[in-house]
Amino acid sequence: MKPIRILHVIQTIHPVESASSRLAVLMAASQAADGHHVRLLTGDSAATMILAEKAFESYDGFRRILITHAHDRAKVGYLLGSHAAEHLPGLIAQSDILHVHGVWEALLHRAAMTASRKGVPIVVSTHGLKNALFAGPLRPLKGLLLAAGWKKLLQHASLVHALDAEEEEEIGRLGIQDRVRVVPDSLDIGTDLLEVYPVKPAA
């Protein structure tokens with residue numbers, strides 16, 4: 001397989017505060033180890049990046065990931081992903097595919113909208129949407145948020161990645177069953193995802 005230019009976007013790769021960071025970094029690292037051109041954009045501070053490097057440096061391919069981190073000290077700016085979003089046009093223009101991690105953060109939506117305008121395919125790893133959306137006391141509020149616009153992220157996706165069949169079924173309730181694919185958590189998850197990515201490198 002010829003190298004693919006992949007951009008991963010996630011709000012934070014803090015190894016403790018983010019439940020999705022390990023899996024997102026593992027995906028990116030394994031793809032980089034396979035020889036693909038992998039970039040990662042996050043809204044993390046320099047201090048968080050030091051923690052992340054210590055936590056993930058043992059992952060094969062981690063040092064090959066080109067990481068851009070752009071942190072907003074103001075809470076509102078961080079939540080909106082303002083500083084990190086400034087890098088999106090340039091990074092997406094150099095990518096064959098955008099892979100976002102999560103569904104709630106504004107940075108992810110800004111990335112998806114930018115990629116959609118530029119015609120770059122979008123992959124969304126929900127990282128446990130079945131638990132985040134369909135359970136708990138905030139379920140009615142989260143349903144309203146999806147109805148108000150968060151659902152657009154999944155609607156713009158060429159592929160939605162689920163970790164298991166249960167999550168696949170729950171995501172399918174949103175009317176996107178044909179675009180959901182199950183790729184289980186494993187050390188080779190990034191490589192396995194390449195088999196279902198909606199883009200192939202030019203011959």
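Let's start with what Thr-12 touches: leaving aside neighbours within four places in sequence, Thr-12 is in contact with Ser-18, Ser-21, Thr-42, Asp-44, Thr-48 and Tyr-78, where contact means heavy atoms within 4.5 Å. A word on the source, everyone: this is a predicted model, where local features need pLDDT of at least 70, side-chain atom pairs count only at pLDDT 80 or more, and totals for chains, interfaces and linings use all residues. Residues are numbered from 1 along each chain as its sequence is written, and side-chain values use heavy atoms, with hydrogens and water left out.

Back to our threonine. Thr-12 is found in the loop between strand 1 (5-10) and helix 1 (21-33); helices (H or I, at least four residues) and strands (E, at least two) are DSSP runs, numbered from the N terminus. Is Thr-12 buried or exposed? Thr-12 has a relative accessible area of 16%, so it is buried; buried is under 20%, exposed over 50% and partly exposed in between, with a 1.4 Å probe and protein chains only.

The side chains of Thr-12 and Asp-44 are also joined by a polar contact of 2.5 Å. Such a contact is a pair of N or O atoms within 3.5 Å; within protein, one must be able to donate a hydrogen and the other to accept it, and residues adjacent in sequence count only if both atoms are side-chain atoms.

Now, the aromatics. The structure holds two aromatic pairs. For Phe-56 and Tyr-59, the ring centres are 5.4 Å apart and the planes are at 45 degrees, so this pair is tilted. Rings of Phe, Tyr and Trp (its six-membered ring) pair if their centres lie within 6.5 Å, and planes under 30 degrees apart count as stacked, over 60 as edge-to-face and the rest as tilted. Phe-56, Tyr-59 and Phe-62 form one aromatic cluster, and both Phe-56 and Phe-62 are buried.
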